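Please view the structure alongside the points listed after it.

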Amino acid sequence: MSYPALPDLILEPLVRSALMEDLGANGDITTLTVIPAAATYSARLNAREDAVISGLQVAELAFRLVDPKLDIITHFHDGQHCAKGDALMEIQGSAASILSAERVALNFVGRLAGIATLTAALVAETRGTKTRITCTRKTTPGLRIVEKQAVLHGGGFNHRFSLSDAILIKDNHIAAAGGVRAVLETAKTRASHMMKIEIEVDQLDQLAEVLEVGGADVVLLDNMSPNELQEAVAMADGQLVTEASGNVSHDTVAAIAATGVDYISSGALTHSYRSVDVGLDF
């Protein structure tokens, strides 16, 4: 499946910040000291294990920000599966420029491919059901946009990007507002007609109250057992989009999807992934 690339304009501040952090005040002093300025080389960004790729667009941008004259050829696209040993990208030109951008490019690809690969593994467990895997806001500060893009590359879906995207009423909101009825009544009177409302419940009697009061578009079924989730889906009966969260892992996701929920959200996608091993070889 092909995924639209984000505009470089959006990604550039994030990549530029990472390069500035790595280059520091004096640049790559090792490279400046030992590599002749005129030296050129051809390097390959290689996968050292099977993975779903993400971050190649970001890596290419890192190389181009260091040196626009580098000649870059990408052999894979974000969202594609690769095998151990595959060459993902070739970079030709100034050896010093390639070395100066190397670590930032690898950091992004390794981490984002890790997210995409974990997402793809959970998506595979839901095959044959209608359930979609989605991420949360449990992302690395400053990197949310690329981490959520990596979830898409793994075949998942995105939850809200920020607090301003949608109304998500959690248990603390319910407690502070005076209960399910009070918080939904307030939301109904104040929310724009363009704004979706989701409410979290962890008990079936709360769901019954949500259905009675009305006003919600989505219900977040938090830390419920598969039996409770199945009953919740039957109670909602298509009136609400159902989202299961809590205790989501490779071992549990298939059973959760079998209950018929529309979505399974997992913070682990963006906080508990394992980076994919990639390397730059001259």
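The model is predicted. Its largest pocket holds about 440 Å³ of space, and a search of the whole structure returns one cavity of 30 Å³ or more.

**Largest pocket**

- The lining of the largest pocket consists of 21 residues.
- Nearest the centre of this pocket lie Thr136, Lys138, Lys170, Ser245 and Ser265.
- Three elements each contribute at least two residues to the lining of the largest pocket: strand S9 (218-222), strand S10 (241-245) and helix H11 (268-271).
- Classified by residue type, the lining of the largest pocket comprises ten polar, six charged and five nonpolar residues.

**Largest cavity**

- The volume of the largest cavity is about 60 Å³.
- Leu6, Leu11, Ser54, Gly55, Gln57, Val58, Asp78, Leu112, Val146, Gln149 and His153 line the largest cavity.
- Helix H3 (56-66) and helix H5 (144-153) are the elements that provide two or more residues to the lining of the largest cavity.
- Of the elements, H5 makes the greatest contribution to the lining of the largest cavity, namely three residues.
- The lining of the largest cavity divides into five nonpolar residues, five polar residues and one charged residue.

How values were computed
Residues numbered from 1 in each chain as written. Predicted model: local features only at pLDDT ≥ 70, side-chain atom pairs only at ≥ 80, totals over all residues. Heavy atoms only, no water. 1 Å grid on protein atoms, 1.4 Å probe; cavity = no way out; pocket = protein on both sides within 12 Å on 5 of 7 lines; lining within 4 Å. Points joined across faces, edges and corners; volume = space filled by probe spheres on them. Helix = DSSP H or I, 4+ residues; strand = E, 2+ residues; numbered from the N terminus. Nonpolar A, V, L, I, M, F, W, Y, C, P; charged D, E, K, R; others polar.
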